[in-house]
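The entries follow in the order I made them.

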Amino acid sequence: MGGWVKLKTSSPSTPPRDKKSKPPNQPTNSLTNQNALIPQMFRKLSSSSLFLRYTIFPVSTKPVFKSQSYNHPQSLRRLFFSSSSLKMSDSPNSPSIPTTTKPELLRSLESHLGSCFSNDPITPQPNPLIIVISGASGVGKDAVINKLRQVRQSLHFVVTATSRPMRPGEIDGKDYFFVSKDEFLSMIEKDELLEHALVYGDYKGIPKKRIQEFMGKGYDIVLRVDIQGAKTLRKILGSSAVFVFIVAESELAMVERLVDRRTESHEELLVRVATAREEIRHVKDFDYVVVNAKGKLDDSVKRVESIIDAEKSKVHQRVVRI
Ligand SMILES: Nc1ncnc2c1ncn2[C@@H]1O[C@H](COP(=O)(O)OP(=O)(O)OP(=O)(O)O)[C@@H](O)[C@H]1O
(Lines give C-alpha, C1' and ligand atoms only; values in the text may rest on other atoms or scores of the structure.)
Protein backbone atom coordinates (compact mmCIF):
# COMPACT_ATOMS: atom_id res chain seq x y z
CA MET A 1 0.00 0.00 0.00
CA GLY A 2 1.25 3.39 -0.81
CA GLY A 3 2.02 6.27 1.43
CA TRP A 4 3.82 9.54 1.19
CA VAL A 5 6.87 10.51 3.08
CA LYS A 6 8.67 13.82 3.02
CA LEU A 7 12.37 13.33 2.54
CA LYS A 8 14.89 15.87 3.59
CA THR A 9 18.28 15.49 1.97
CA SER A 10 21.29 17.63 1.58
CA SER A 11 22.19 16.75 -1.95
CA PRO A 12 24.43 19.19 -3.78
CA SER A 13 22.55 21.56 -5.99
CA THR A 14 22.14 20.35 -9.55
CA PRO A 15 20.80 22.83 -12.06
CA PRO A 16 17.38 21.77 -13.33
CA ARG A 17 17.38 20.32 -16.80
CA ASP A 18 16.31 22.48 -19.63
CA LYS A 19 12.77 21.80 -20.80
CA LYS A 20 14.02 21.68 -24.37
CA SER A 21 16.09 18.59 -23.60
CA LYS A 22 12.90 16.58 -23.06
CA PRO A 23 12.82 13.62 -25.46
CA PRO A 24 10.62 14.37 -28.47
CA ASN A 25 7.22 12.72 -28.85
CA GLN A 26 7.04 12.06 -25.17
CA PRO A 27 3.47 10.91 -24.44
CA THR A 28 1.86 12.63 -21.50
CA ASN A 29 -1.85 11.87 -21.52
CA SER A 30 -2.87 8.30 -21.08
CA LEU A 31 -2.51 6.30 -17.90
CA THR A 32 -0.78 3.49 -19.85
CA ASN A 33 1.79 5.85 -21.11
CA GLN A 34 2.22 7.29 -17.70
CA ASN A 35 3.09 3.83 -16.40
CA ALA A 36 5.81 3.61 -18.95
CA LEU A 37 7.01 7.02 -18.01
CA ILE A 38 7.49 6.45 -14.30
CA PRO A 39 11.23 5.67 -14.35
CA GLN A 40 11.84 8.50 -16.79
CA MET A 41 9.97 11.03 -14.74
CA PHE A 42 11.60 9.91 -11.56
CA ARG A 43 14.99 10.44 -13.16
CA LYS A 44 13.98 13.90 -14.26
CA LEU A 45 12.60 14.78 -10.88
CA SER A 46 15.50 13.38 -8.97
CA SER A 47 17.93 15.45 -11.01
CA SER A 48 16.54 18.51 -9.26
CA SER A 49 18.12 19.33 -5.91
CA LEU A 50 14.84 20.87 -4.77
CA PHE A 51 13.06 17.67 -5.54
CA LEU A 52 15.49 15.73 -3.43
CA ARG A 53 15.08 18.14 -0.57
CA TYR A 54 11.32 18.44 -0.54
CA THR A 55 9.76 15.61 -2.46
CA ILE A 56 6.93 13.46 -1.17
CA PHE A 57 7.65 9.86 -2.11
CA PRO A 58 5.27 6.96 -2.07
CA VAL A 59 6.48 4.46 0.50
CA SER A 60 5.36 1.07 1.52
CA THR A 61 3.51 1.48 4.77
CA LYS A 62 0.29 0.02 5.93
CA PRO A 63 -2.45 2.64 6.28
CA VAL A 64 -3.96 2.75 9.70
CA PHE A 65 -7.45 2.91 8.30
CA LYS A 66 -8.79 1.95 4.96
CA SER A 67 -9.01 4.83 2.58
CA GLN A 68 -11.11 4.22 -0.49
CA SER A 69 -8.90 6.44 -2.59
CA TYR A 70 -5.46 5.23 -1.70
CA ASN A 71 -5.65 1.51 -1.13
CA HIS A 72 -5.44 0.61 -4.77
CA PRO A 73 -2.27 1.03 -6.85
CA GLN A 74 -4.37 2.68 -9.54
CA SER A 75 -5.49 5.23 -6.99
CA LEU A 76 -1.93 5.93 -6.11
CA ARG A 77 -1.08 6.46 -9.69
CA ARG A 78 -4.06 8.75 -10.01
CA LEU A 79 -2.83 10.62 -6.98
CA PHE A 80 0.62 10.97 -8.43
CA PHE A 81 -0.34 11.75 -11.99
CA SER A 82 -3.74 13.39 -11.84
CA SER A 83 -3.98 16.31 -14.24
CA SER A 84 -3.13 18.87 -11.60
CA SER A 85 -0.74 16.65 -9.73
CA LEU A 86 2.46 16.69 -11.61
CA LYS A 87 3.87 20.15 -11.62
CA MET A 88 7.52 20.25 -12.40
CA SER A 89 9.03 23.64 -12.48
CA ASP A 90 12.46 24.45 -13.72
CA SER A 91 12.46 27.64 -11.74
CA PRO A 92 14.86 27.36 -8.83
CA ASN A 93 12.40 29.37 -6.73
CA SER A 94 9.50 26.96 -6.98
CA PRO A 95 10.13 23.50 -5.55
CA SER A 96 9.50 20.68 -8.00
CA ILE A 97 6.90 18.94 -5.90
CA PRO A 98 4.55 16.56 -7.62
CA THR A 99 1.35 17.64 -5.89
CA THR A 100 -2.05 16.09 -5.63
CA THR A 101 -5.09 18.24 -5.10
CA LYS A 102 -5.13 19.67 -1.60
CA PRO A 103 -8.14 17.64 -0.36
CA GLU A 104 -6.54 14.45 -1.68
CA LEU A 105 -3.25 15.19 -0.02
CA LEU A 106 -4.95 16.06 3.26
CA ARG A 107 -6.89 12.79 3.20
CA SER A 108 -3.72 10.87 2.45
CA LEU A 109 -1.89 12.52 5.33
CA GLU A 110 -4.80 11.78 7.66
CA SER A 111 -4.87 8.21 6.49
CA HIS A 112 -1.24 7.66 7.30
CA LEU A 113 -1.28 9.55 10.56
CA GLY A 114 -4.30 7.52 11.63
CA SER A 115 -6.44 10.46 12.65
CA CYS A 116 -8.38 13.28 11.04
CA PHE A 117 -7.12 16.85 11.23
CA SER A 118 -9.18 18.74 13.73
CA ASN A 119 -10.63 22.11 12.91
CA ASP A 120 -10.83 23.00 16.61
CA PRO A 121 -8.68 25.88 17.85
CA ILE A 122 -5.19 24.66 18.76
CA THR A 123 -5.16 26.82 21.88
CA PRO A 124 -8.19 27.44 24.07
CA GLN A 125 -9.94 30.81 24.12
CA PRO A 126 -7.99 33.26 26.28
CA ASN A 127 -9.42 33.81 29.74
CA PRO A 128 -11.38 36.99 30.41
CA LEU A 129 -9.12 39.57 32.00
CA ILE A 130 -9.53 42.02 34.81
CA ILE A 131 -7.64 45.17 33.86
CA VAL A 132 -7.15 47.58 36.73
CA ILE A 133 -6.46 51.11 35.54
CA SER A 134 -5.09 53.49 38.09
CA GLY A 135 -2.96 56.58 38.46
CA ALA A 136 -2.84 59.90 40.25
CA SER A 137 -5.71 62.33 40.04
CA GLY A 138 -5.92 64.15 36.71
CA VAL A 139 -3.56 61.92 34.72
CA GLY A 140 -6.38 60.97 32.36
CA LYS A 141 -7.74 57.65 33.63
CA ASP A 142 -11.30 58.48 32.63
CA ALA A 143 -10.18 59.93 29.30
CA VAL A 144 -8.21 56.76 28.45
CA ILE A 145 -11.02 54.45 29.55
CA ASN A 146 -13.72 56.36 27.67
CA LYS A 147 -11.70 56.08 24.45
CA LEU A 148 -10.89 52.45 25.12
CA ARG A 149 -14.57 51.63 25.44
CA GLN A 150 -15.18 53.08 22.01
CA VAL A 151 -12.53 50.96 20.31
CA ARG A 152 -12.92 47.67 22.20
CA GLN A 153 -16.36 46.13 22.28
CA SER A 154 -15.15 43.13 24.27
CA LEU A 155 -14.47 45.28 27.34
CA HIS A 156 -16.90 45.83 30.13
CA PHE A 157 -16.25 48.86 32.25
CA VAL A 158 -17.49 48.21 35.74
CA VAL A 159 -19.01 51.39 37.03
CA THR A 160 -17.76 52.34 40.47
CA ALA A 161 -20.21 53.26 43.17
CA THR A 162 -19.46 56.53 44.93
CA SER A 163 -20.97 58.67 47.63
CA ARG A 164 -19.51 61.85 46.12
CA PRO A 165 -21.89 64.34 44.50
CA MET A 166 -22.33 64.21 40.75
CA ARG A 167 -20.16 66.67 38.74
CA PRO A 168 -21.69 68.67 35.90
CA GLY A 169 -21.88 66.50 32.77
CA GLU A 170 -21.59 63.20 34.66
CA ILE A 171 -24.27 60.54 34.15
CA ASP A 172 -25.45 58.23 36.91
CA GLY A 173 -24.76 54.61 35.98
CA LYS A 174 -22.27 55.60 33.28
CA ASP A 175 -19.59 57.57 35.08
CA TYR A 176 -20.40 56.31 38.58
CA PHE A 177 -23.29 54.88 40.53
CA PHE A 178 -24.05 57.86 42.69
CA VAL A 179 -25.38 56.71 46.04
CA SER A 180 -25.81 58.34 49.43
CA LYS A 181 -23.33 57.68 52.23
CA ASP A 182 -25.93 55.50 53.99
CA GLU A 183 -26.57 53.45 50.87
CA PHE A 184 -22.85 52.96 50.44
CA LEU A 185 -22.44 51.79 54.02
CA SER A 186 -25.25 49.31 53.49
CA MET A 187 -23.40 47.88 50.43
CA ILE A 188 -20.31 47.40 52.56
CA GLU A 189 -22.44 45.69 55.20
CA LYS A 190 -23.84 43.20 52.66
CA ASP A 191 -20.36 42.41 51.25
CA GLU A 192 -21.46 43.59 47.81
CA LEU A 193 -18.21 45.38 47.01
CA LEU A 194 -14.98 43.89 45.73
CA GLU A 195 -13.13 46.75 47.39
CA HIS A 196 -14.00 50.15 48.77
CA ALA A 197 -12.17 53.16 50.12
CA LEU A 198 -12.72 56.59 51.50
CA VAL A 199 -11.23 58.98 48.93
CA TYR A 200 -11.01 62.68 49.68
CA GLY A 201 -13.91 62.31 52.12
CA ASP A 202 -16.11 60.30 49.72
CA TYR A 203 -16.66 56.55 49.48
CA LYS A 204 -15.79 54.69 46.28
CA GLY A 205 -16.20 50.97 45.69
CA ILE A 206 -16.58 48.28 43.01
CA PRO A 207 -19.77 46.21 42.93
CA LYS A 208 -18.87 42.48 42.70
CA LYS A 209 -22.02 41.31 40.99
CA ARG A 210 -21.40 43.12 37.71
CA ILE A 211 -17.87 41.70 37.41
CA GLN A 212 -19.06 38.12 37.84
CA GLU A 213 -21.96 38.63 35.46
CA PHE A 214 -19.88 40.05 32.60
CA MET A 215 -16.90 37.77 33.03
CA GLY A 216 -19.35 34.90 32.73
CA LYS A 217 -20.32 36.30 29.32
CA GLY A 218 -16.64 36.39 28.25
CA TYR A 219 -16.06 40.12 28.61
CA ASP A 220 -12.80 41.58 29.85
CA ILE A 221 -13.38 43.77 32.85
CA VAL A 222 -11.93 47.24 33.26
CA LEU A 223 -11.77 48.65 36.75
CA ARG A 224 -10.86 52.26 37.33
CA VAL A 225 -9.53 52.90 40.80
CA ASP A 226 -7.31 55.38 42.59
CA ILE A 227 -3.94 54.19 43.80
CA GLN A 228 -5.24 53.28 47.24
CA GLY A 229 -7.91 51.15 45.54
CA ALA A 230 -5.31 49.50 43.33
CA LYS A 231 -3.30 48.60 46.41
CA THR A 232 -6.34 46.95 47.97
CA LEU A 233 -7.21 45.16 44.72
CA ARG A 234 -3.69 43.81 44.45
CA LYS A 235 -4.16 42.23 47.86
CA ILE A 236 -7.51 40.72 46.81
CA LEU A 237 -6.72 39.72 43.22
CA GLY A 238 -2.95 39.21 43.39
CA SER A 239 -1.50 38.48 39.98
CA SER A 240 -4.83 37.26 38.60
CA ALA A 241 -5.52 40.80 37.32
CA VAL A 242 -3.48 43.16 35.13
CA PHE A 243 -2.52 46.42 36.83
CA VAL A 244 -1.89 49.44 34.60
CA PHE A 245 -0.52 52.70 35.96
CA ILE A 246 -1.31 55.82 33.96
CA VAL A 247 1.05 58.79 34.31
CA ALA A 248 1.28 62.20 32.71
CA GLU A 249 4.51 63.03 30.94
CA SER A 250 5.53 65.38 33.76
CA GLU A 251 4.29 66.74 37.04
CA LEU A 252 3.60 70.12 35.46
CA ALA A 253 1.50 68.48 32.74
CA MET A 254 -0.49 66.61 35.35
CA VAL A 255 -1.18 69.73 37.45
CA GLU A 256 -2.12 71.74 34.35
CA ARG A 257 -4.62 69.08 33.37
CA LEU A 258 -6.19 69.21 36.82
CA VAL A 259 -6.34 73.01 36.74
CA ASP A 260 -7.81 73.04 33.22
CA ARG A 261 -10.55 70.64 34.30
CA ARG A 262 -11.80 73.29 36.76
CA THR A 263 -13.59 70.81 38.99
CA GLU A 264 -11.48 71.31 42.15
CA SER A 265 -11.09 74.26 44.48
CA HIS A 266 -7.64 75.66 45.31
CA GLU A 267 -7.53 73.63 48.55
CA GLU A 268 -8.66 70.46 46.80
CA LEU A 269 -5.99 70.97 44.14
CA LEU A 270 -3.32 71.30 46.83
CA VAL A 271 -4.39 68.00 48.39
CA ARG A 272 -4.52 66.21 45.04
CA VAL A 273 -1.12 67.39 43.91
CA ALA A 274 0.50 66.52 47.25
CA THR A 275 -1.14 63.10 47.14
CA ALA A 276 -0.08 62.56 43.53
CA ARG A 277 3.55 63.25 44.44
CA GLU A 278 3.37 60.52 47.05
CA GLU A 279 1.37 58.13 44.84
CA ILE A 280 3.79 58.15 41.94
CA ARG A 281 6.12 56.01 44.06
CA HIS A 282 3.61 53.15 43.87
CA VAL A 283 4.31 52.58 40.19
CA LYS A 284 6.54 49.65 41.17
CA ASP A 285 3.49 47.72 42.40
CA PHE A 286 1.95 47.72 38.91
CA ASP A 287 2.48 45.43 35.92
CA TYR A 288 2.55 48.15 33.26
CA VAL A 289 2.98 51.91 33.07
CA VAL A 290 1.45 54.02 30.29
CA VAL A 291 2.45 57.64 29.71
CA ASN A 292 -0.59 59.70 28.74
CA ALA A 293 1.13 62.69 27.18
CA LYS A 294 -0.65 65.92 26.32
CA GLY A 295 -2.50 65.61 23.01
CA LYS A 296 -1.50 61.94 22.71
CA LEU A 297 -4.58 60.31 24.17
CA ASP A 298 -4.93 57.98 21.16
CA ASP A 299 -1.38 56.72 21.65
CA SER A 300 -2.09 55.99 25.30
CA VAL A 301 -5.20 54.04 24.37
CA LYS A 302 -3.26 52.05 21.76
CA ARG A 303 -0.66 51.26 24.39
CA VAL A 304 -3.33 49.90 26.73
CA GLU A 305 -4.75 47.87 23.84
CA SER A 306 -1.30 46.39 23.21
CA ILE A 307 -1.13 45.38 26.85
CA ILE A 308 -4.48 43.61 26.55
CA ASP A 309 -3.34 41.89 23.34
CA ALA A 310 -0.10 40.76 24.97
CA GLU A 311 -2.01 39.40 27.95
CA LYS A 312 -4.36 37.51 25.63
CA SER A 313 -1.35 35.90 23.94
CA LYS A 314 0.22 34.66 27.14
CA VAL A 315 0.85 30.93 27.29
CA HIS A 316 0.12 30.91 31.01
CA GLN A 317 -3.11 32.87 31.33
CA ARG A 318 -4.16 34.69 34.45
CA VAL A 319 -7.06 33.00 36.18
CA VAL A 320 -9.45 35.25 38.08
CA ARG A 321 -11.46 33.98 41.03
CA ILE A 322 -13.62 36.44 42.89
N1 LIG B 1 -3.63 62.96 26.75
C2 LIG B 1 -4.32 64.02 27.15
N3 LIG B 1 -4.07 65.23 26.59
C4 LIG B 1 -4.74 66.30 26.98
N5 LIG B 1 -5.71 66.32 27.91
C6 LIG B 1 -6.00 65.16 28.52
C7 LIG B 1 -5.34 63.95 28.17
N8 LIG B 1 -5.83 62.96 28.93
C9 LIG B 1 -6.77 63.52 29.72
N10 LIG B 1 -6.89 64.83 29.48
C11 LIG B 1 -7.75 65.78 30.16
O12 LIG B 1 -7.25 65.93 31.48
C13 LIG B 1 -8.31 66.09 32.42
C14 LIG B 1 -8.22 65.02 33.50
O15 LIG B 1 -8.49 63.78 32.89
P16 LIG B 1 -9.38 62.68 33.60
O17 LIG B 1 -10.59 63.29 34.23
O18 LIG B 1 -9.58 61.60 32.64
O19 LIG B 1 -8.36 62.29 34.74
P20 LIG B 1 -8.55 61.22 35.88
O21 LIG B 1 -7.24 60.55 36.03
O22 LIG B 1 -9.70 60.36 35.57
O23 LIG B 1 -8.84 62.18 37.12
P24 LIG B 1 -9.58 61.85 38.55
O25 LIG B 1 -8.87 60.69 39.13
O26 LIG B 1 -9.37 63.10 39.33
O27 LIG B 1 -11.01 61.61 38.22
C28 LIG B 1 -9.60 66.01 31.62
O29 LIG B 1 -10.05 67.31 31.34
C30 LIG B 1 -9.18 65.30 30.33
O31 LIG B 1 -9.99 65.65 29.23
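I began with an open sheet of four strands, ordered β6-β5-β8-β7 with mixed pairing. Its edge strands are β6 (177-178) and β7 (193-199), each pairing on one side only. Strands (E, at least two residues) and helices (H or I, at least four) are DSSP runs numbered from the N terminus, and two strands pair if DSSP finds at least two bridges between them.

This is a predicted model, in which local features need pLDDT of at least 70, side-chain atom pairs count only at pLDDT 80 or more, and totals for chains, interfaces and linings use all residues. Residues are numbered from 1 along each chain as its sequence is written.

I then checked β5 (residues 161-162) against β8 (residues 202-207): they run antiparallel and are joined by two bridges. Thr162 has Lys204 in β8 as its bridge partner.

Next I looked up Asp172, which sits in the loop between β5 and β6. Asp172 is exposed, because it has 11 other C-beta atoms within 10 Å (exposed is 12 or fewer, buried 20 or more, partly exposed in between, with C-beta atoms placed from the backbone). Beyond its neighbours within four places in sequence, I found Asp172 in contact with Met166, Phe177 and Phe178 (contact puts C-beta atoms, placed from the backbone, within 7 Å). From Asp172 to Ala161 I noted 9.6 Å, C-alpha to C-alpha, with the two eleven residues apart in sequence.

Last, I turned to α5 (residues 141-151) and α11 (residues 297-312). Ala143, Val144, Lys147, Leu148 and Val151 in α5 meet Leu297, Ser300, Val301, Val304 and Glu305 in α11.

How values were computed:
Two residues are in contact if their C-beta atoms, placed from the backbone, lie within 7 Å.
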